[in-house]
Amino acid sequence: MTSAKISFRLIFSLFVTAFSIYLVFLLNPDGAPRILLNLFTFAGIYGLSAIGLNVHFGWTGLLNFGHASFMGVGAYVTLLLMPHAAGREGEVTTTGLPFFAALILGIGAAALFGLLLGLPAIRLRGDYLAIVTIAAAEIFRLLVRDLESITGGVYGIINYTENFQKYRPLFIDNFSENLGFSPSQAWVCLAAWVSIFITVLLLKRLSDSPWGRALRAVREDEDAVRAMGKNAVWLKLQSFMLGAGIAGLSGVLLAFNYGSLETTVFIPLLTFYVWAIMILGGVGTITGPIFGSIIFWVIISETDRLAYLLFENANGQQLAGVRFLLVGVLIMFLMIFRPSGLLGKKEELLLDVK
Amino acid sequence: MLDQLGNGLLLGIIISVASVALSLLYGVTRIVNFAHGEIIALGAIATLFFSSPLDYRVLFLDKFSPLGLNFVISCILAILVCGLFGGLLEVFLFRPLRKNDVGNIAVLVVTIGLSILVRHLYLLFATGKVQNFPLELQRRQTYLFFDMTPRNLNVLIIGIIVMIIVGLLLTYTRLGKAMRAVRDSGELSSVSGINSDNIILITWISSSMLAGLAGIFQATINDVRWNMGFLILLLIFAGTVLGGIGTSFGAMIGGLLIGIMVQVSVGLPFMEGHTEAKNAVALGVMILILLFRPQGIFGKKERIS
């Protein structure tokens with residue numbers, strides 16, 4: 001793989017991304033900045049999650065279909081540790097940790113949950129692991145929904161955004177006022193992209209380190225790793241924890257973007273969204289999911305407009321159906337025709353069960 | 001408790017039929033088919049379409065009018081539609097993928113995409129609402145120990161008969177032997193004169209027909225929803241895994257056990273007031289089985305790590 005080839009891919013991806021952003025301006029002559037802010041917030045949060053998934057699947061070859069639960073654990077632990085209101089009656093909890101302490105514990109909990117879910121990975125082959133992870137994610141969601149006294153169940157959690165918004169710097173308010181943004185969403189958006197920046201820097205370092213090379217060696221040939229005296233099991237578990245922690249962070253950001261948290265957010269479709277983004281951006285790359293996420297969200301947010309035109313008398317559920325339908329098509333076609341995505345390298349793709 | 005056992009048997013027979021179908025397909029093609037649930041839903045939706053009265057316009061976005069056929073004929077037609085759908089999937093999607101040597105994991109991801117696509121096609125073109133088959137209401141009666149409607153008893157009996165027939169076909173016919181041969185080794189069976197492409201096609205068709213039947217059962221006992229297949233899919237995986245992936249008899253028993261487990265767990269003391277979590281119990285059992293006895297109850301021991 002020559003570096004010229006990689007930079008060609010990078011330029012191409014940048015071009016496609018820029019074009020898709022231009023498309024938003026083209027389709028929304030009036031409210032483009034506001035739509036773009038919404039789009040970039042979601043793109044940042046989901047992109048971060050996809051970066052985490054890429055550590056699992058792209059680097060280590062672990063077939064994780066329970067990614068939504070890592071995001072869920074991060075979000076629920078963080079929110080429940082802070083002052084919030086939960087449940088049908090909106091029971092208020094006034095005491096709690098400050099935001100950053102809760103966030104660190106939330107990410108830690110997500111990583112621990114990753115460790116727990118990673119345990120089956122020691123014993124199971126790829127497709128079995130897919131079933132186990134998706135089932136575990138559903139168990140998590142069903143339990144959260146069931147434990148209403150703690151998590152608020154189907155009624156969810158509210159009144160927690162202030163914990164984070166009180167750190168909002170003043171320049172965001174000024175800036176948002178000029179452009180007609182919602183300042184709180186702008187702050188979440190900034191936080192998401194700063195998180196992506198830091199995560200990418202961290203992963204870049206890790207990727208070139210002996211540890212990162214050992215991880216990819218696990219994907220390629222586990223027996224060879226064992227023969228070299230590395231502990232392949234522990235490497236897999238570490239990978240699970242790292243990716244899950246990143247997903248936990250993105251789950252927290254997602255919760256702050258929504259403003260209220262319900263269990264329905266963490267249905268398996270969330271995992272499939274993140275998968276689509278990861279495949280689109282490039283399996284095994286670090287920056288790929290960022291481009292993938294922006295392009296994905298442009299497609300998603302502009303589909304709604306298209307759906308309105310196609311189905312005049314469709315209801316809201318059916319309109320949302322059009323975008324999911326598109327996600328399905330995207331996953332299928334990418335996997336068939338371009339499994340390495342925009343930036344990925346075909347040689348770095350693990351698609352066969354050993 | 002006995003009521004729950006009766007409900008458990010009913011859910012069990014649905015899962016059992018669907019698990020056999022999934023297991024058959026996995027055994028022969030090594031495809032973990034996440035779109036299996038959508039074929040189940042197709043069985044129910046097609047039956048609804050064939051059997052609903054002509055003026056039943058809530059359905060299908062006013063674009064298609066239902067046919068108003070006799071219910072039994074509708075069921076048979078719907079099962080044929082499912083078989084056709086499965087056959088088309090194999091010929092136009094999975095056979096080309098196989099010929100291009102696309103890996104198992106890629107195919108798994110493709111089935112997930114397919115499942116999302118088809119499910120939301122149902123939402124758009126079939127039904128966003130919960131629908132029922134156009135059948136009369138029936139009173140529950142007591143059979144032996146179980147309270148159920150005559151129709152649900154029919155489901156149970158038909159389900160058991162179908163299971164027995166499938167078992168006999170797999171064990172004693174040339175086709176069944178050929179399927180098992182392809183399952184054990186595609187290359188060896190090709191060498192001994194079995195056309196493995198044809199066998200895989202027949203497997204897809206029969207697996208889809210069984211899935212369609214399971215969908216009709218599910219809709220008869222409960223209702224028709226656009227996402228009914230996905231709701232039950234994980235339980236089907238659980239049934240398949242519990243019995244031992246790739247073993248048809250294991251899948252039958254495994255599916256039955258999972259169905260009973262789900263419904264009986266509602267009656268356990270510590271589950272009081274937590275009915276939503278009943279599926280979590282079955283899924284938890286599945287994970288434990290995969291961890292400690294990955295070959296399932298009836299599977300042969302092989303390396304699957």
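**Exercise 1. How closely do the axes of helix α2 and helix α4 of chain B come, and at what angle do they cross?**

Solution. The model is predicted: local features need pLDDT of at least 70, side-chain atom pairs count only at pLDDT 80 or more, and totals for chains, interfaces and linings use all residues. Residues are numbered from 1 along each chain as its sequence is written, while chains are lettered from A and ligands numbered from 1 in the order in which they are written.

Step 1. Locate the helices: α2(B) covers residues 36–51 and α4(B) covers residues 104–125. Helices (H or I, at least four residues) and strands (E, at least two) are DSSP runs, numbered from the N terminus.

Step 2. The two axes come within 9 Å and cross at roughly 20°. Axes are lines fitted to C-alpha atoms, for helices over the stretch in contact, and angles run from 0 to 180 degrees between N-to-C directions.

Step 3. α2(B) is therefore roughly parallel to α4(B); angles under 35 degrees count as roughly parallel, over 145 as roughly antiparallel, 65 to 115 as roughly perpendicular and the rest as oblique.

Step 4. The crossing is left-handed, a term for a near helix turned anticlockwise from the far one by less than a right angle, with right-handed used if clockwise.

Step 5. On α2(B), the contact uses B:Gly37, B:Glu38, B:Ala41 and B:Ile45; on α4(B), B:Ser115, B:Val118, B:Arg119 and B:Tyr122. Contact requires C-beta atoms, placed from the backbone, to lie within 7 Å.

**Exercise 2. Describe the make-up of chain B.**

Solution. Step 1. Chain B holds 11 helices and 2 strands.

Step 2. Its radius of gyration is 19 Å, close to the 19 Å that the globule rule gives for 305 residues, so chain B is as compact as a globular protein of that length. The radius is taken over C-alpha atoms, and the rule is 2.2 Å times the number of residues to the power 0.38.

Step 3. Buried residues account for 53% of the 305 residues in chain B. A residue is buried if 20 or more other C-beta atoms lie within 10 Å of its own, exposed if 12 or fewer, and partly exposed in between, with C-beta atoms placed from the backbone.

**Exercise 3. Which helix of chain A gives the most to the side that touches chain B?**

Solution. Step 1. In total, 40 residues of chain A are in contact with 36 residues of chain B.

Step 2. α4 (99–123), α5 (126–146) and α15 (316–337) of chain A each supply at least two residues of that side. α5(A) gives the most, with 15 residues.

Step 3. α5(A) packs against helix α11 (residues 278–292) of chain B at about 150°, with the axes 9 Å apart, and the crossing is left-handed. Among the contacting residues are A:Tyr128 and A:Val132 of α5(A) and B:Asn279 and B:Ala280 of α11(B).

**Exercise 4. What is the strand order of the open sheet in chain A?**

Solution. Step 1. The sheet has 3 strands in the order β2-β1-β3, with antiparallel pairing. Strands pair if DSSP finds at least two bridges between them.

Step 2. β2 (91–93) and β3 (157–158) of chain A stand at the edges with a single partner strand each, so one side of each is left without a neighbour in the sheet.

Step 3. β1(A), residues 84–86, and β2(A) pair over 3 bridges, and A:Ala85 stands opposite A:Val92 in β2(A).

**Exercise 5. Is A:Thr94 buried or exposed?**

Solution. Step 1. A:Thr94 is found in the loop between β2 and α4 of chain A.

Step 2. A:Thr94 counts as exposed because it has 7 C-beta neighbours inside 10 Å.

Key:
Two residues are in contact if their C-beta atoms, placed from the backbone, lie within 7 Å.
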